[in-house]
Amino acid sequence: MVSAANVIWACMKASFYIYGFWLYSSEIVCCAVPTAGIGALLLFILVHIGKLPAPDPATVEEILGQDPLLQERDDSKKDSEEAIYIMRSIAHRGAALDAPENSISAFRQAKEKGMTAVEFDVTLTKDNVPIVFHDDTVDRMTEATGRINSMTWEEVKQLDISEKHPMRHKYGGERIPLFEDVVKECLDLGLRMFIDLKGDDLKMVSVVHNAYKNHKEMYTRAIVSSFNPFLIYMIRRGDPCITSSLAWRPHLYASASYSGVEGESQPRYNNLPQMLAARAVDTINKWAYENFFHHVLGLSVILLHKDTVTSWVLRMLTQNPSN
């Protein structure tokens, strides 16, 4: 049987615990609120100090052309010599069905088929030579195996990227091109360029700066893009005249691929803490992509995964003044 003294003692202990918890919570709130306010103020100041200016709108329009909807409303110049340039389509990795993707032949085929712009991928070899190639490994494109970042340029340039292509009988012996050679070829062909930087290596910053230094025409003919906002920031901080884009897709950090039909697949991590952390980063990244990055990076273009493009997304991005 429980005595009255035990009940009173239990109640006293409970009240001590509750009072102690209340005091502790009050201290946290009293300290945290001012700290959070100061932190938010510092963040606001840092963002505005570090904010990069967007390129000249006239330069951006020279690369991308005018909004097709605006041109359709003004038919007076449509067939005249004064017609304004419109980028209606972009050859992804060149004409990749007609020639090996990301090859010089693919870009020439794109031009022959009436394209005015191409997209291609830039990555680094083991000895830091910038080349135009998409995958992390050479397995899909060639009969060889191995990771690009573990191979030197001398090894890479021996590979034949036509070996598994349907048109290999026509393009036998096609090689992985240097970034420099692709830039020259695209400029000679009069093609606009979307340059997709693969990976997170900050050596790409000097690669891009050197390309623009050697080819001034790139300022009005090229857009540099990456999934990594810090890489874009460092490139534009060094040269704010470079027009840039930021790419995004759902579950970028949690999964290796995404499809609108199948959803996310190939999880990057197998243990629960890492997966939860990756999902948290994906949530923050999505919010920052919609509300923050364009403001700080001075973006001119955003690249979305095709399966995320909806009428609502288009309205949000085109009608929101902050975007």
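Colleague: In which hand does H7 pass H8?

Modeller: Please bear in mind that this is a predicted model. In it, the crossing of H7 past H8 is right-handed.

Colleague: At what angle do H7 and H8 pack, and how far apart are their axes?

Modeller: The angle between H7 and H8 is about 40°, and their axes lie 9 Å apart. H7 is therefore oblique to H8, since angles under 35 degrees count as roughly parallel and those from 65 to 115 as roughly perpendicular.

Colleague: Which residues of H8 are buried?

Modeller: H8 covers residues 229–238, and its buried residues are Pro229, Leu231, Ile232, Tyr233, Ile235 and Arg236.

Colleague: Why would residues three or four places apart in an α-helix point the same way?

Modeller: An α-helix has 3.6 residues a turn, so residues at that spacing point the same way. In H8, Ile232 and Arg236 are among the buried residues.

Colleague: What does the side chain of Asn228 reach at the start of H8?

Modeller: A side-chain oxygen of Asn228 comes to within 2.8 Å of the backbone nitrogen of Phe230.

Colleague: Let us turn to the strands. How many residues of S5 are buried?

Modeller: Strand S5 runs over residues 222–226, and five of its five residues are buried. Ala222, Val224 and Ser226 point one way from the strand, while Ile223 and Ser225 point the other way.

Colleague: Which strand does S4 pair with, and do the two run parallel or antiparallel?

Modeller: S4, residues 192–197, is joined to S5 by four bridges, and the two strands run parallel. Within that pairing, Asp196 stands opposite Ser225. Between S4 and S5 the chain passes through helix H7, residues 203–214, in a right-handed β-α-β crossover.

Colleague: And how many bridges join S5 to S6?

Modeller: Three bridges join S5 to S6, and these strands also run parallel. The bridge partner of Val224 in S6 is Ser244. Together, S5, H8 and S6 form a right-handed β-α-β unit.

Colleague: A change of topic: the backbone. What is the phi of Arg93, and where is that residue found?

Modeller: Phi of Arg93 is near 60°, a positive value in a residue other than glycine. Arg93 sits in the loop between strand S1 (91–92) and helix H4 (104–112).

Colleague: Is Arg93 buried or exposed?

Modeller: Arg93 has a relative accessible area of 14%, so it counts as buried, the cut-off being under 20%. Its side chain makes a polar contact with the side chain of Glu101, at 3.2 Å.

Colleague: What about His251: what is its phi, and where is it found?

Modeller: Phi of His251 is near 55°, again a positive value in a residue other than glycine. His251 is found in the loop between strand S6 (244–248) and strand S7 (255–259). With a relative accessible area of 28%, His251 is partly exposed.

Colleague: One last point. Where does Thr59 lie, and why does it count as buried?

Modeller: Thr59 lies in helix H2, residues 57–64. Thr59 counts as buried because its relative accessibility is 19%, and the limit is under 20%.

Colleague: What separates the C-alpha atoms of Thr59 and Ile242?

Modeller: Those C-alpha atoms are 9.6 Å apart, although Thr59 and Ile242 are 183 residues apart along the chain.

Terms used:
Residues are numbered from 1 along each chain as its sequence is written. This is a predicted model: local features need pLDDT of at least 70, side-chain atom pairs count only at pLDDT 80 or more; totals for chains, interfaces and linings use all residues. Side-chain values use heavy atoms; hydrogens and water are left out. Buried means under 20% relative accessible area, exposed over 50%, partly exposed in between (1.4 Å probe, protein chains only). A polar contact is a pair of N or O atoms within 3.5 Å; within protein, one must be able to donate a hydrogen and the other to accept it, and residues adjacent in sequence count only if both atoms are side-chain atoms. Two strands pair if DSSP finds at least two bridges between them. A crossover is right-handed if, with the strands pointing away from the viewer, the path from the first strand over the helix to the second runs clockwise. Axes are lines fitted to C-alpha atoms, for helices over the stretch in contact, and angles run from 0 to 180 degrees between N-to-C directions. Angles under 35 degrees count as roughly parallel, over 145 as roughly antiparallel, 65 to 115 as roughly perpendicular and the rest as oblique. A crossing is left-handed if the near helix is turned anticlockwise from the far one by less than a right angle, and right-handed if clockwise.
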